[in-house]
Amino acid sequence: MDFKPLREIIDGNQNFVLTTHVNPDADAIGSETALYIVLKKLGKTVHLINFSKTPDNLLFLDVDDVIEQYIPEKHDEIILNTDVIFMLDLNQATRVVKMGEILKKSECPIVCIDHHQDPDDLPTFLFTDEEACATSEILYRFFEETSIVEIDTDIANSLYAGIMTDTGSFRYERTSPYTHYVASKLLEYNIDPNEIYISIFEKGNVNRLNLLGLALASLKLVYNGRLCYMTIRQSDLDKTGANESDVDGFVNYCMTIAGVKIGLLFFELKDGLKVSFRSRGDIPINKLAGEFNGGGHFNASGSRLFDKELNSVLPEVLDAAEKYLPEE
Ligand code: 5GP
Ligand code: MN
């Protein structure tokens, strides 16, 4: 990827807004905090504005406590008056929910740094690599290739967290030799991979596990065991005291059963429904998600449907999924 134009955008502007997707994961937050530190080192004015609150287990990445949750009255003016907007780990306006409106209204360049498929027409500049394991990996490449600033422990911590989580701790398909190269370079900056793992995955509460119990109990196999799905209702959240971000990763349990090619999680939201899609091998699950207004990666996608009922969407998705299953 040619990073020269990206470097020029940074060098040629002073005020930046950084944002990422709804329900941010460690790649989303880590990309933001890493780029934030870099821009601050260059003397820039930077606002980090996200639609969602930062999940508790990722707050450690926001060392300076600078991430703000989007409030239209407070942030619309900042967004409309900034020089440049960065969309990180995010390539579609729908993925910032109600914040999408103001991004569409802004007239400044919108720079997308991302590794998802099918960007919409919101970004002015695209720095995307669908083969990259994480947005954090792309950012590392940018920082290294352009020697933009000296990487420090906080930057390394953020990028490592993003890469570790988006690769499922270095096991998903896009974990490449380059991924391990980047991880090895980041380890030179005095970061503690064990501590990062514990902070993200092992400081949870019992509510999440109780919710997982209910999700696992809901598990069903159809199409001769080739498709596995789970459902989570709002009442399950009430029963367990868990919250929306606790559901992150549950769908992967569907994929732990031999023979399962597609895994789905139907999650009832207050105002609609979230569906998580996973697939094995050459099944383009982003295409199935696309049939339901979603998208993402080839083997991992999602969609949010507003004002829709779980009970009506579930059979539609199962029907639509059948054609993606390989012959038995
Ligand atoms: P998850 O199921 O873990 O929430 O999301 C898996 C992947 O699907 C994410 O990394 C993201 O790429 C994509 N994704 C999740 N939700 C949405 C959505 O509502 N719209 C689109 N376009 N992609 C989504
Ligand atoms: Mn990512």
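## A proline in a loop

Pro 123 sits in the loop between strand S5 and strand S6, in a model that is predicted. Its relative accessibility is 12%, and because buried means under 20%, Pro 123 counts as buried. Although Pro 123 and Met 87 are 36 residues apart along the chain, their C-alpha atoms are separated by 7.9 Å.

## The manganese site

Which residues coordinate the manganese ion (ligand 2)? The coordinating residues are Asp 27, Asp 89 and Asp 166, each through OD, together with His 115 through NE2, and the distances run from 2.1 to 2.3 Å. Along the chain, the donors of this ion follow the spacing D-x61-D-x25-H-x50-D.

Are His 115 and Asp 166 buried or exposed? His 115 has a relative accessibility of 1% and therefore counts as buried. Asp 166, at 19%, also counts as buried, because the limit for that class is under 20%.

## The surroundings of ligand 1

Around ligand 1 there are 15 residues, and those that come nearest are Gln 92, His 116, Lys 274, Ser 276 and Arg 278. In the side chain of His 116, an N or O atom is 2.7 Å from an oxygen atom of ligand 1. The backbone takes part as well: an N or O atom in the backbone of Gly 302 lies 3.0 Å from an oxygen atom of the ligand, and a polar backbone atom of Arg 304 is 3.3 Å from an oxygen atom of ligand 1. On its own, ligand 1 has 490 Å² of accessible area, of which the protein covers 86%.

Which strands each supply at least two residues of the shell around ligand 1? They are strand S10 (272–279), strand S11 (295–296) and strand S12 (300–306), and S12 gives the largest share, with five residues. Sorted by class, the shell is made up of 10 polar residues, four charged residues and one nonpolar residue. Domain 1 (4–201) and domain 2 (207–324) each contribute at least three residues to the shell around ligand 1.

His 75 is buried, with a relative accessible area of 0%, while Lys 74, at 49% relative accessibility, counts as partly exposed.

With which residue does the side chain of His 75 make a polar contact of 2.7 Å? The partner is the side chain of Glu 68, and the side chain of Lys 74 is also joined to that of Glu 68, by a polar contact of 3.4 Å.

## Two residues with positive phi

Most residues other than glycine have a negative phi. Ser 147, which is not a glycine, has a positive phi of about 45 degrees, and Asp 307, likewise a residue other than glycine, has a positive phi near 55 degrees.

Ser 147 lies in the loop between helix H5 (135–146) and H6, and with a relative accessibility of 57% Ser 147 counts as exposed. Asp 307 is placed in the loop between S12 and helix H12 (310–321), where a relative accessibility of 73% means that Asp 307 counts as exposed.

Leu 264 is part of strand S9, which runs over residues 262–269. At 0% relative accessibility, Leu 264 counts as buried. The C-alpha atom of Leu 264 is separated by 6.9 Å from that of Val 275, a residue 11 positions away along the chain.

Key:
Residues are numbered from 1 along each chain as its sequence is written. Chains are lettered from A and ligands numbered from 1 in the order in which they are written. This is a predicted model: local features need pLDDT of at least 70, side-chain atom pairs count only at pLDDT 80 or more; totals for chains, interfaces and linings use all residues. Side-chain values use heavy atoms; hydrogens and water are left out. Donors are N, O and S atoms within 2.8 Å of the metal (3.2 Å for Na, K and Ca); water is not among the atoms, so sites may look incomplete. Buried means under 20% relative accessible area, exposed over 50%, partly exposed in between (1.4 Å probe, protein chains only). A residue is near a molecule or strand if one of its heavy atoms lies within 4 Å of it. A polar contact is a pair of N or O atoms within 3.5 Å; within protein, one must be able to donate a hydrogen and the other to accept it, and residues adjacent in sequence count only if both atoms are side-chain atoms. Accessible areas come from the Shrake-Rupley method with a 1.4 Å probe; for residues, only the protein chains shown count as cover. Helices (H or I, at least four residues) and strands (E, at least two) are DSSP runs, numbered from the N terminus. Ala, Val, Leu, Ile, Met, Phe, Trp, Tyr, Cys and Pro count as nonpolar, Asp, Glu, Lys and Arg as charged, and the others, Gly among them, as polar. Domain bounds come from an automatic or database domain assignment.
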